[in-house]
Amino acid sequence: MSPPPETGPTEAERLEDREVVVFAAGGEEWAFRELVRRYERPVFSLLVRMVRDRELAEDLAQETFVKVFNAIDSYNPAYKFSSWIFKIANNTAIDVLRRKEPDFLALEGAPHAATAAEAEATALQLSARSESPLDELEARELGSMIEAAISRLRPEYRSCILLRHVEGRPYEEIAEILDLPLGTVKTYIHRARNELRVLLRATKE
Amino acid sequence: MHHLTPDEIDRWLEQALPEVRVAHLEGCDRCAWEARETLALTQAMGALPSLAPTHGFADRVLAGLRSPAAGTLPAAWRRWVPTRRRAWALAASFAGLSVLSTGIATAWALANPGLVAAAAGTAQASVVALFDTVRTTIANQLSLVPWGDVANALTAQPLQLAAFALLAITSYVTLLVTLWNLMRPPRRSYAPQA
């Protein structure tokens, strides 16, 4: 199946996910690229914060997209594409975490970094959202503290809180992604928030 | 009046809390503190940066799809296509070793044509002799069977014949189903559940 003649890259951006998926299922390369463009950041961000290793997260993100694209024929348009891809990404991360729960955070660089330069190169890039250097430093420190605190949560709490407050997904979609009852998702998020507050307070003290 | 529940604090964050409960929030230090803490935390989490994979990520994903023509493979076989760089490195190592060993064997064979020809001749003679032995043995055994008597005996006992046929068919089907289940890759649904 080919896109309509007027469907170029800018037209592709206006299409809904499920429409792009139809073109992808027809083997259109631009459609695959469009789906990657839309979801590479949210999927990668979720995976980095789940597994806490940037290089591993990139492998898992690639694996997630390959799984999704290889099974694109079986996509059910009755569901949101975002739910589907987040579900696969989360399951991929949980599989890895079950095999081996890393015991430290890669915020300051990948665990296998041998030198300071390598560690810096693989460290998470926290963008500056503030104006002055002092604000930037404070934002970086707060961001680092929150990332560290999130990494100490149980994987189920981690998935829930990241999807809710970092990716901004509604409770109902999180329940769909994680195959959990809505009430359980709310409970996990409330507990995760309480744990995070305790951890952040302990870090500040 | 009761303190705010976690659900109500969520609704306050979404600016959807009824006025009556907002009034309680304004007059209750405990709920106000709880709400402020939750707001600060959720705002800080919402401000966490969006992270991007390294340059060329989309190309690597598409290369993964094209690798051993993953798109043209039957779905059951696609799971065997490596999707991680480490798995690809391992697969490439095995492929490299295979090519290397084949190359060495070919070079050795070309360097020793006489030896190879002798070995091939011996092997061919052995295979032909073995084939002849098997063929002769089977033919001899079959010629010894009194086929007419067997046919008469079977038609004289139709119930036993039917029972034997049923048993044979059941065994055959069971064997096929078992083999199918053993060889079938595990199925995994990625579609969200309703």
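Predicted model: local features only at pLDDT ≥ 70, side-chain atom pairs only at ≥ 80, totals over all residues.
How many residues of chain B are in contact with chain A, and how many residues of chain A are in contact with chain B?

**View 1. The contact between chain B and chain A.** In this view, 34 residues of chain B are in contact with 47 residues of chain A. On the side of chain B that touches chain A, at least two residues each are supplied by α1 (6–13), α3 (29–46) and α4 (57–66) of chain B. That side of chain B comprises 19 nonpolar, 9 polar and 6 charged residues.

**View 2. Helices α9 and α10 of chain A.** The axes of α9 (residues 171–178) and α10 (residues 182–204) of chain A come within 9 Å and cross at roughly 105 degrees. The helices α9(A) and α10(A) are therefore roughly perpendicular to each other. From α9(A), the contact is made by A:Tyr171, A:Glu172, A:Ile174, A:Ala175 and A:Leu178, and from α10(A) by A:Leu182, A:Val185 and A:Lys186. By class, the residues of this contact are 6 nonpolar, no polar and 2 charged.

**View 3. The largest nonpolar core.** This core has 59 residues, and those with the most contacts inside it are A:Ala24, A:Leu47, A:Ile85 and A:Cys160. Helix α3 (residues 29–51) of chain A contributes the largest share of the core, 12 residues.

View 4. With its neighbours within four places in sequence left aside, A:Ile85 is in contact with A:Tyr39, A:Val43, A:Thr64 and A:Val68.

Technical notes:
Residues numbered from 1 in each chain as written. Chains lettered and ligands numbered in written order. Contact = placed C-beta atoms within 7 Å. Helix = DSSP H or I, 4+ residues; strand = E, 2+ residues; numbered from the N terminus. Nonpolar A, V, L, I, M, F, W, Y, C, P; charged D, E, K, R; others polar. Axes fitted to C-alpha atoms, helices over the stretch in contact; angles between N-to-C directions. Parallel < 35°, antiparallel > 145°, perpendicular 65-115°, else oblique. Core = buried A, V, L, I, M, F, W, Y, C linked by C-beta atoms within 7 Å. Buried ≥ 20, exposed ≤ 12 C-beta atoms within 10 Å, placed from the backbone.
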